[in-house]
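Morning, everyone. Let me put the model on the screen, and then we walk through the metal site and its surroundings.

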Amino acid sequence: MSNLDYSYTMQQRENRVPLHGPDAFAGMRKAGQLAAAALDMLVPHVLPGVTTERLDELAFEFAMDNGALPATLNYRGFTHSICTSVNHVVCHGIPGPKALKSGDIVNIDVTLIVDGWHGDTSRMFTVGEVSRRAERLIDVTFEALCRGIAAVKPGHTTGHIGAAIQSFAEAERCSVVRDFCGHGLGRVFHDRPNILHYGEAGEGVVLQPGMLFTIEPMINLGKAAVKILPDGWTAVTRDRELSAQFEHTVGVTADGCEVFTYSPAGFHRPPYQLPSN
Ligand code: MF3
Ligand code: CO
Ligand code: CO
């Protein structure tokens with residue numbers, strides 16, 4: 001083997017996407033379901049007047065009560081169990097003492113580690129009455145994620161996922177954030193492959209059974225451009241228009257994918273109907 005062949009092989013090795021077996025799928029199912037249950041638990045608490053740090057505290061307690069570890073706690077200097085991204089915040093909003101108010105829309109993103117496996121999911125929540133345009137953005141973002149998930153099957157590429165999301169969102173006169181992407185995960189939080197939420201069918205990595213990754217499109221009512229606030233985390237839209245996001249963790253199967261993070265309570269998208277009694 002020549003030197004060139006060797007470096008090529010090493011590069012392939014560097015770029016390789018981990019393939020996981022049935023034990024990993026079982027572990028991801030458990031972690032994904034618990035992460036989704038954490039968001040379900042928060043539903044009745046997302047009300048006008050609640051602070052995002054109270055929601056963070058509830059999520060932390062939920063993790064502790066269920067033998068899980070919040071993956072974001074002390075992750076690269078992040079000091080909370082959830083990200084709370086309100087209105088024009090695109091992602092990575094830091095929980096704090098500011099109260100939510102009627103009309104706000106908020107993404108809550110939680111990653112729980114269960115038996116070493118990572119379940120990563122986020123949903124939009126509405127606070128009191130929200131505007132029609134906010135509702136529409138949430139609907140478009142939810143549908144964009146669904147179309148991304150529907151594009152997952154062996155033989156397709158990561159580009160098929162991005163293309164499905166981008167073509168739908170842009171046809172709805174919304175824009176796709178370019179600065180953040182979905183990611184492989186498993187026993188590690190952020191792994192190969194990157195899942196771009198834009199692009200062309202056929203680009204990127206060929207999907208194979210056993211791949212584990214998130215799809216987590218961030219969709220804006222205005223322009224796609226974002227900036228990071230001086231706290232080093234909070235990403236906001238440059239034009240201060242609304243942004244929304246949903247996230248699921250999936251595993252590629254022989255004929256499509258398994259979604260690990262569906263809501264056990266059926267709280268898939270707002271408005272969340274609480275059982276009345
Ligand atoms: N859960 C986020 C994701 O979807 C990652 C948050 S990292 C943090 O990948 F440090 F900001 F919490
Ligand atoms: Co993620
Ligand atoms: Co997440």
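Start with Asp120. Its relative accessibility is 2%, so Asp120 counts as buried. Buried here means under 20% relative accessible area, exposed means over 50%, and partly exposed is in between, with a 1.4 Å probe and protein chains only.

Before going on, the ground rules. This is a predicted model: local features need pLDDT of at least 70, side-chain atom pairs count only at pLDDT 80 or more, and totals for chains, interfaces and linings use all residues. Residues are numbered from 1 along each chain as its sequence is written, chains are lettered from A and ligands numbered from 1 in the order in which they are written, and side-chain values use heavy atoms, with hydrogens and water left out.

Back to Asp120. Which two ions does Asp120 bridge? They are the cobalt ion (ligand 2) and the cobalt ion (ligand 3), and they lie 3.3 Å apart.

Take ligand 2 first. The protein donors of this cobalt ion are Asp120 (OD), His183 (NE2), Glu216 (OE) and Glu247 (OE), at 2.0 to 2.3 Å. A donor is an N, O or S atom within 2.8 Å of the metal (3.2 Å for Na, K and Ca); water is not among the atoms, so sites may look incomplete. Along the sequence, the donor residues of ligand 2 read D-x62-H-x32-E-x30-E. Two of them come from distant parts of the chain: Asp120 sits in strand E5 (residues 117-126) and His183 in strand E7 (residues 182-184), 63 residues apart. Strands (E, at least two residues) and helices (H or I, at least four) are DSSP runs, numbered from the N terminus. His183 is buried too, because its relative accessible area is 4%.

Why is the arrangement around ligand 2 called irregular? Because the 6 donor atoms subtend angles of 52 to 160°. The cut-offs: four donors are tetrahedral if all angles lie between 85 and 135 degrees; four are square planar and six octahedral if opposite donors are over 155 degrees apart and all others between 65 and 115; anything else is irregular. For reference, ideal angles are 109.5 degrees for four tetrahedral donors, and 90 or 180 degrees for six octahedral ones.

Now ligand 3. Asp109 lies in strand E4 (residues 105-114), 11 residues from Asp120 in strand E5. With a relative accessible area of 10%, Asp109 is buried.

Next, ligand 1. How many residues surround it? The count is 14, and the closest are Thr72, His183, His190, Glu216 and Glu247. Near means a heavy atom within 4 Å. Polar side-chain atoms reach it in several places. Asp109 is 3.1 Å from a nitrogen of ligand 1. Asp120 is 3.2 Å from an oxygen of ligand 1, and for Glu247 an oxygen of ligand 1 is 3.0 Å away. Taken alone, ligand 1 exposes 340 Å², and the protein buries 97% of that. Those areas are Shrake-Rupley values with a 1.4 Å probe; for residues, only the protein chains shown count as cover.

Last stop, strand E13 (residues 243-245), which holds Ser243. Ser243 is buried, because its relative accessibility is 2%. Its side chain makes a polar contact of 2.7 Å with that of Asn220. A polar contact is a pair of N or O atoms within 3.5 Å; within protein, one must be able to donate a hydrogen and the other to accept it, and residues adjacent in sequence count only if both atoms are side-chain atoms.
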